[in-house]
Amino acid sequence: MSEERYGEFVLVRRHGDGGAAGAGHVAELVLDRPKAMNAVSSEMARSIAAACAALGADNGVRVVVVTSTHERAFCVGADLKERNSFSDAELVRQRPVARGAYTGVLELPVPTIAAVHGFALGGGFELALACDVIVADRTAVVGLPEVSVGVIPGGGGTQLLPRRVGAARAAELIFTARRVEAAEARELGLVDMLVEDGRDREEALALGARMAANSPVGLRAAKRALRLGHGLDLRAGLEVEDAAWRAVAFSGDRAEGVAAFNEKRRPEWPGE
């Protein structure tokens with residue numbers, strides 16, 4: 001396993017093989033500002049964006065898992081202490097910096113998994129919502145409480161949450177600013193997998209390894225089709241899917257996958 005730090009508060013771990021197919025192609029994006037429960041400052045936002053840019057450009061990465069080093073929190077959202085010191089002009093200048101962190105995760109071209117325990121609130125929950133799958137343990141508490149401090153979810157929450165749970169449910173959760181504990185969060189679809197206390201990272205990494213055992217060309221194309229097709233009418237969505245199929249149909253991965261299936265062996269993906 002190799003590690004690379006992006007600024008003071010973000011760490012990227014590239015996992016070695018570890019004996020599991022695909023494990024060597026899983027990267028872990030670690031939120032590492034434990035003294036502030038991973039509150040996202042401007043510096044941390046820049047680091048998240050930079051780490052995502054590097055991961056997205058690395059063809060050896062097939063899956064990204066977002067984790068936290070804090071025992072009681074995934075991320076508590078924006079750094080409100082920092083925000084409180086901003087003038088209006090500084091807040092305007094900081095806005096694209098903040099957005100860069102959330103869009104960085106959202107636009108990763110590979111499957112993404114959030115491993116959530118403890119508090120995932122405001123921008124913290126939005127980082128999780130930007131992922132394709134959310135694995136949470138039973139200590140998780142999620143929510144978008146922004147209206148309680150005079151703002152709105154600005155890291156994608158007003159758009160991503162209704163895509164998960166529907167417009168009315170998202171409205172209720174955002175307008176009440178309420179926190180939702182793990183069992184209800186799973187019931188409402190705010191998280192996708194509920195695991196035992198302390199196992200969110202382990203289970204998310206295992207899920208990532210299962211995904212990463214598959215074709216890297218196929219994974220990226222499937223994610224592209226899922227993201228671009230969402231919200232389109234069926235006919236338009238099927239055209240998006242067809243374009244993604246054509247992008248992989250004549251790839252080395254497709255040839256290797258078919259050959260490996262017929263030869264009853266594990267494929268060795270060329271990744272092209």
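1. L108 first. In this predicted model, L108 is buried, with a relative accessible area of 2%. That value counts as buried because the cut-off is under 20%. L108 sits in the loop between α3 (88-106) and β6 (112-116).

2. What does L108 touch, leaving out residues up to four places away in sequence? The list is C52, L55, G56, V64 and K223. L108 also lies 7.8 Å from A53, C-alpha to C-alpha. In sequence, L108 and A53 are 55 residues apart.

3. Next, the loop between β3 (26-31) and α1 (42-57). S41 is placed there. S41 is buried, at a relative accessible area of 5%. Apart from neighbours within four places in sequence, its contacts are F9, R33, D79 and E82. When you look at S41 in the viewer, show those four side chains with it.

4. N38 belongs to the loop between β3 and α1 as well. Is N38 buried or exposed? N38 is buried, with 0% relative accessibility. Its backbone deserves a look too. Phi of N38 is near 65°, a positive value, and N38 is not a glycine. Most residues other than glycine have a negative phi.

5. A177 also has a positive phi, about 60°, and is not a glycine. Where is A177 placed? It lies in the loop between α6 (167-176) and β10 (180-181). A177 is buried, at a relative accessible area of 14%. The cut-off for buried is under 20%, so 14% falls on the buried side.

6. Now the aromatic rings. The structure holds one aromatic pair. W245 and F250 form it, in an edge-to-face arrangement.

7. How accessible are the two partners? W245 is partly exposed, with a relative accessible area of 48%. F250 is exposed, at 70% relative accessibility. The two fall in separate classes because exposed means over 50%, with partly exposed below that and above the buried range.

8. Overall fold. The secondary structure of the protein comes to eleven helices and eleven strands. Along its principal axes, the C-alpha trace spans about 60 × 45 × 40 Å. What radius of gyration would a compact globule of 272 residues have? It would be near 19 Å, and the protein has 19 Å, so the two agree.

9. Packing. Of the 272 residues, 48% count as buried. Take the contacts between residues at least 6 apart in sequence: 65% of them join residues at least 24 apart. The L108 and A53 approach, at 55 residues apart, is one to view alongside that figure.

10. Surface and charge. The protein exposes about 13,500 Å². Carbon and sulfur atoms supply 54% of that area. How many charged side chains are there? The protein has 33 positive and 37 negative ones. The centres of the two sets lie 2 Å apart.

Definitions and conventions. Residues numbered from 1 in each chain as written. Predicted model: local features only at pLDDT ≥ 70, side-chain atom pairs only at ≥ 80, totals over all residues. Heavy atoms only, no water. Helix = DSSP H or I, 4+ residues; strand = E, 2+ residues; numbered from the N terminus. Rg over C-alpha atoms; globule rule 2.2 N^0.38 Å. Buried < 20%, exposed > 50% of the residue type's maximum accessible area, 1.4 Å probe, protein only. Contact = heavy atoms within 4.5 Å. Areas by Shrake-Rupley, 256 points an atom, 1.4 Å probe, with all protein chains shown as cover. Lys, Arg positive; Asp, Glu negative; His and termini not counted. Charge placed at Lys NZ, Arg CZ, Asp CG, Glu CD. Phe/Tyr/Trp six-rings, centres within 6.5 Å; stacked < 30°, edge-to-face > 60°.
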